[in-house]
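Biologist: Please take one part of this protein and go through it closely. I would like the sheet and the packing around it.

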Amino acid sequence: SDYTPEVNRRNDDLLRDVLAVASSLGEVPVVVAGDFNIQPNHSTILAAAFSTGKWHDVAASVAAAAGVIPPSTCYTRTGPGDTGTRIDYVLANSVAFTAVVNLTPVPDSGVPTHLPLRLELNLKPYAANVLRVLRPLAYPTDRWTNHLTLPEENALATACW
């Protein structure tokens, strides 16, 4: 269940900051996952992020494609009738969302109360060879001139310039 309005506001503030930083990375695949402690219909930040089309609720999208509802991920009561809630999410930006292959719950994980989610991605299209340019080190001229006397070193420097 949801917490107090103050806790929910602080949670939304944190989500806003995380999504802002993730969005600032540019057109790279970004996945944000965790126990968000709020249902999607109670978070103004999640609703706003999803409405942009730049962020996706992976569980909801995978479930919709399969014609089912997203799985509950939190079970705080034990016994029959505990249908659970969905407060654990995997969010993907539009770039990462194109790499989603599947998302499945992990039953019997040993994690108390929560049902972890396993995300399968195909990141091969995002592999790249990167040219790394290094700043050259100072040229070790002292190895050549340390045996010269000062007048010889000055003459060599004058001859070179």
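Modeller: What follows covers the sheet, the helices across it and the nonpolar cores. This is a predicted model, in which local features need pLDDT of at least 70, side-chain atom pairs count only at pLDDT 80 or more, and totals for chains, interfaces and linings use all residues. Residues are numbered from 1 along each chain as its sequence is written, and side-chain values use heavy atoms, with hydrogens and water left out.

Three strands make an open, antiparallel sheet in the order 1-3-2. Strands here are DSSP E runs of at least two residues, and helices are H or I runs of at least four, numbered from the N terminus; two strands pair if DSSP finds at least two bridges between them. Strand 1 (31-35) and strand 2 (55-57) are the edges, each pairing on one side only. From one strand to the next the twist averages 20°.

Strand 2 is joined to strand 3 by three bridges, and W55 has N93 in strand 3 as its bridge partner. Leaving aside neighbours within four places in sequence, W55 is also in contact (heavy atoms within 4.5 Å) with residues including L19, V32, F50 and L91.

Helix 1 lies across strand 1, strand 2 and strand 3, at about 125° to strand 2. Helix 3 (residues 58-66) lies across strand 2 and strand 3, at about 60° to strand 2. Axes are lines fitted to C-alpha atoms, for helices over the stretch in contact, and angles run from 0 to 180 degrees between N-to-C directions.

A nonpolar core is a set of buried Ala, Val, Leu, Ile, Met, Phe, Trp, Tyr and Cys residues joined through side-chain atoms within 4.5 Å; buried means under 20% relative accessible area (1.4 Å probe, protein chains only). The largest has 13 residues, and L19, V32, F36, L46, W55 and L91 touch the most other members. Helix 1 (5-23), helix 2 (44-51) and strand 3 (88-93) each give two or more residues to this core. Another core, of eight residues, lies apart from it and includes V58, A59, A96 and L117.

Definitions and conventions. Buried means under 20% relative accessible area, exposed over 50%, partly exposed in between (1.4 Å probe, protein chains only).
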